[in-house]
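Student: I would like to learn how to read a structure like this one, feature by feature. Could we begin with a single element and then widen the view?

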Amino acid sequence: MKASSATELASRISRALISASNNTKPTRSWNPSLENLLHRLGFRDSLSPQLVAGVIDPFLLNHHSLALGFFNWASQQPSFSHTSLTYQSVLKSLSFSRQFNTIDALLKQVRTHRIWLDASVYRSVIASLIIGKKTHYAFLVFSEVRIEDIGHEICNSLLAALASDGYFDHAQKVFDEMTQRGLPLSTAGFGLFVWRLCGSGELSKILSVVDEVRRGGSEINGSVVALLIIHGLCKASRASEAFWVLDELRRRDCKPDFMAYRIVAEGFRCDGNVVDREKVLKMKRKLGVAPRSGDYREFILGLISERRISEAKELGEVIVSGNFPIEDDVLNVLIGSVSAIDPGSAMMFFKFMVGKARFPTLLTLSNLCRNLSKHSNSDELLEVFQVLSSGDYFKDLETYNVMVSFLCKAGMVKEAYGVLPEMKKKGISADLTIYNSLIEACCREDLLRPAKRLWDEMFANGCRGNLKTYNILIQKFSEVGPVDEALRLFQHMLGREVTPDAMTYTILLEGLCQEIKLQAALEVFDKCVEQDLMLAQSVLGTFILSLCKAGLYPAASGLLCRLSFNVAHSVSHVVLLKCLADAKEIPVAIEHIKWIRQASPSMLQTISNELASVSSSPTPEPISQLLQTI
């Protein structure tokens with residue numbers, strides 16, 4: 001087969017799989033129907049490892065379930081055997097989506113069948129495992145491959161990850177092999193390794209690894225490495241050793257900067273050692289150099305890109321606590337990323353930034369507020385709003401939207417509500433997003449009067465409600481009453497040409513059934529049928545359940561009997577019959593079965609099969625009775 005025609009066939013197969021899988025649940029997942037599709041495409045005579053690999057890479061790389069399903073389907077075809085090409089393509093896809101269990105199973109097959117894989121596949125797998133915090137497994141994969149094939153970039157990432165995650169013995173093995181094979185070490189890889197070594201390693205060992213790296217010619221940043229060594233020693237309560245090693249590091253072209261001297265001075269201060277603290281400060285003035293913020297910027301951003309957030313946080317704290325220079329983009333990244341693991345530390349970075357009359361980006365503010373809300377730090381969230389408000393940060397609708405949204409999510413309705421007058425003073429009109437956030441928060445806290453006032457104010461200001469606005473209020477009035485108010489809102493949305501969705505119908509019908517508003521409920525459902533038959537099908541099952549919960553069994557049966565079969569599928573009838581069986585409403589169930597037999601004998605057989613599969617019913621005897629009736 002020519003290359004162009006092979007590529008065209010691979011593209012056609014992948015398009016067919018992706019298109020068909022859009023209708024699966026969940027979407028883009030493999031299921032048996034896709035196997036039938038592949039058979040219908042009629043390309044099995046052309047099936048080869050090159051074709052399978054060509055379908056997966058590049059077309060299915062971002063659809064791991066389809067890639068693996070196609071890979072497995074191919075293995076079941078007569079006279080087909082997988083090769084390194086097919087394994088490489090599917091492992092690449094699985095690495096992108098971090099399907100670690102499946103990767104492990106495939107690598108076992110590779111070992112068993114002694115299949116050669118390109119080094120790029122191992123690099124991809126190891127990188128994926130490192131990002132997924134499967135550091136130990138990444139080391140095991142690394143151990144199976146020649147280090148020259150892995151390359152220095154992945155090796156440095158693995159070295160940093162092993163040291164960071166506590167696998168120091170494995171990190172030592174990676175370090176030894178890198179230095180023996182002459183692979184260059186990066187500041188991040190060696191820096192994190194020697195930092196963790198300072199926790200318990202002898203000074204002679206620490207200095208020997210520095211010497212080894214210097215002899216190997218690796219281009220590491222000496223001042224950054226010196227800081228990490230000093231910080232690691234002082235954190236391990238080894239301030240005296242850190243003091244001694246300052247000169248040793250300087251001799252090795254790892255010149256300590258002002259931050260390193262300050263760390264030692266702070267270590268002596270904590271120990272109450274005033275004399276040595278003064279010595280360190282004198283040395284700082286005489287021998288220290290100003291820290292280069294650009295070096296630390298590059299290092300911290302590199303740590304965060306490698307998901308080493310804890311180490312980036314610690315280094316950021318060293319810089320900020322000493323009031324040393326740090327760029328805005330670094331602070332923004334620290335605030336946003338550190339807030340996910342340590343909101344208190346993120347708040348420290350935030351206050352430092354604002355204290356310098358600088359402000360976070362909107363993305364940073366969103367990340368900070370989201371993580372404060374997630375950790376239930378409502379006081380800090382309010383503090384963020386107050387600090388930024390006093391600094392005149394909120395100048396447009398976009399910034400106010402972010403803050404109101406998160407205040408509402410944190411349940412701080414009063415504070416969020418109080419933003420509206422402030423916006424008016426600045427001549428900024430609230431938009432629908434802000435009103436929806438406030439109305440939803442009011443409903444969540446059962447503050448219906450304020451929610452109604454916001455509704456009236458919204459329309460008075462020319463801001464028309466959307467589907468979300470109506471659903472919020474319809475849901476609340478359907479739950480707590482009066483349901484007539486929910487029905488009025490439903491009619492209002494129709495008058496405003498706002499199209500209801502499945503949620504609108506489901507919650508309103510449930511509320512009407514609870515208050516035995518049968519006629520109103522039937523009229524609402526008729527409106528749903530009139531709007532969209534597919535929508536009515538999706539709503540019908542829950543409507544039947546709501547009718548049955550309210551004891552309206554004859555009404556539920558009557559509804560299904562008057563609906564056409566393109567709306568009332570067998571599932572809805574099964575739902576009703578199960579409810580009738582559970583409630584021991586056998587006469588109603590039998591009459592309903594008689595109607596189905598007369599109207600559609602084929603559907604009755606389908607219903608019988610589905611009822612027979614029911615094993616979890618609390619009352620199996622009535623189900624058996626219904627089956628006998630059928």
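Student: How many of the eight residues of helix 8 are buried?

Tutor: Helices are DSSP runs of H or I with at least four residues, strands are runs of E with at least two, and both are numbered from the N terminus. Buried means under 20% relative accessible area, exposed means over 50%, and partly exposed lies in between, using a 1.4 Å probe and protein chains only. In this predicted model, helix 8, residues 135-142, is mostly covered, with six of its eight residues buried. These are Thr135, Tyr137, Ala138, Phe139, Val141 and Phe142.

Student: Which helices do the buried residues of helix 8 pack against?

Tutor: Contact means heavy atoms within 4.5 Å. By that reading, the buried residues of helix 8 pack against helix 6 (100-112), helix 7 (119-131), helix 9 (147-150), helix 10 (152-164) and helix 11 (168-181).

Student: What does the numbering rest on, and which parts of the model count?

Tutor: Residues are numbered from 1 along each chain as its sequence is written. Because this is a predicted model, local features need pLDDT of at least 70 and side-chain atom pairs count only at pLDDT 80 or more, while totals for chains, interfaces and linings use all residues, and side-chain values use heavy atoms, with hydrogens and water left out.

Student: Is His592 buried or exposed?

Tutor: His592, which is found in helix 36 (residues 586-599), counts as buried because its relative accessibility is 1%. A polar contact is a pair of N or O atoms within 3.5 Å; within protein, one must be able to donate a hydrogen and the other to accept it, and residues adjacent in sequence count only if both atoms are side-chain atoms. The side chain of His592 makes such a contact with the side chain of Ser557, at 2.7 Å.

Student: Where does Ile428 lie?

Tutor: Ile428 lies in the loop between helix 26 (419-425) and helix 27 (432-444), and with a relative accessible area of 14% it is buried. Leaving aside neighbours within four places in sequence, Ile428 is in contact with Lys395, Asp396, Leu397, Tyr400 and Met423.

Student: How many helices and strands does the chain have?

Tutor: The chain has 38 helices and zero strands. Its radius of gyration, taken over C-alpha atoms, is compared with a globule rule of 2.2 Å times the number of residues to the power 0.38. The chain's value is 33 Å, well over the 25 Å that the rule gives for 630 residues, so the chain is more spread out than a compact globule.
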